[in-house]
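Subject: Structure handover

Hi,

Here is the structure for you to look through. Please open it first, then read my notes below.

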Amino acid sequence: MPNWGGGAKCGACDKTVYHAEEIQCNGRSFHKTCFLCMACRKGLDSTTVAAHESEIYCKTCYGRKYGPKGIGFGQGAGCLSTDTGDHLGLNLQQGSPKSTRASTPTNPSKFAKKMVDADKCPRCGKSVYAAEKIMGGGKPWHKTCFRCAICGKSLESTNVTDKDGELYCKVCYAKNFGPKGIGFGGLTQAEKKE
């Protein structure tokens, strides 16, 4: 049947798509209002669309339906996704019930041991986790504990000095452990005359 004066047919609603409202994806035309994820119905654009044959999805639903399955394949770095996609019409449970149980620690004492083995701050003695860790003198410190032991000044890599496992600013280190005498910041000319 001839297409009199119209454009291509929409891949979603099968109605005519005119040039002003056309979005093309994977060789097919869509209305702007029909360019939606086939699972969750979220609006799509060129940066969020993932096409599979004649179907279009948002990247999240595409990953749930066609991405790798199993333990360790979460939706983002370090996450464990428990979303099965049932509310989206996706049937993602393809393994046995045993595979879902494997994501929990089988030996809780190993998990507890990892938590106990976290680095300890030399200043306060509490655990130092990666988000708050600053290395100084070969040891991990909390950001709030990374201060001069004498004056309490907050330290940075440019002004920190360590001695016997303790941190000092360069000024306090020079006053207390540096060379003494005239010209070394110890005695001044006025103090020597007295």
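Does phenylalanine 177 count as buried, exposed or partly exposed, and what is its relative accessibility? Phenylalanine 177 counts as partly exposed, at 33% relative accessibility. That follows because buried means under 20% and exposed means over 50%. Keep in mind that this is a predicted model.

Now the aromatic rings. The count comes to five aromatic pairs. One of them joins tyrosine 168 and phenylalanine 177 in an edge-to-face pair. Their centres are 5.1 Å apart, and the planes make an angle of 65°. The pair is edge-to-face because the angle is over 60 degrees. Tyrosine 168 is buried, with a relative accessible area of 10%. Elsewhere, Tyr57, Tyr62 and Tyr66 form one aromatic cluster.

Next, the cores. The largest nonpolar core has 14 residues. Phe35, Cys37, Leu44 and Ile56 have the most contacts inside it. Strand 6 (residues 55-58) gives the most to this core, with three residues. Cysteine 37 touches residues including Lys42, Leu44, Ile56 and Cys61.

Last, lysine 120. Lysine 120 lies in strand 7 (residues 119-120). At 46% relative accessibility, lysine 120 is partly exposed. Histidine 142 is 22 residues away from lysine 120 in sequence. In space, the two are 9.1 Å apart, C-alpha to C-alpha.

Best wishes

Methods
Residues numbered from 1 in each chain as written. Predicted model: local features only at pLDDT ≥ 70, side-chain atom pairs only at ≥ 80, totals over all residues. Heavy atoms only, no water. Core = buried A, V, L, I, M, F, W, Y, C linked by side-chain atoms within 4.5 Å. Buried < 20%, exposed > 50% of the residue type's maximum accessible area, 1.4 Å probe, protein only. Helix = DSSP H or I, 4+ residues; strand = E, 2+ residues; numbered from the N terminus. Contact = heavy atoms within 4.5 Å. Phe/Tyr/Trp six-rings, centres within 6.5 Å; stacked < 30°, edge-to-face > 60°. Lists of a residue's contacts leave out its neighbours within four places in sequence.
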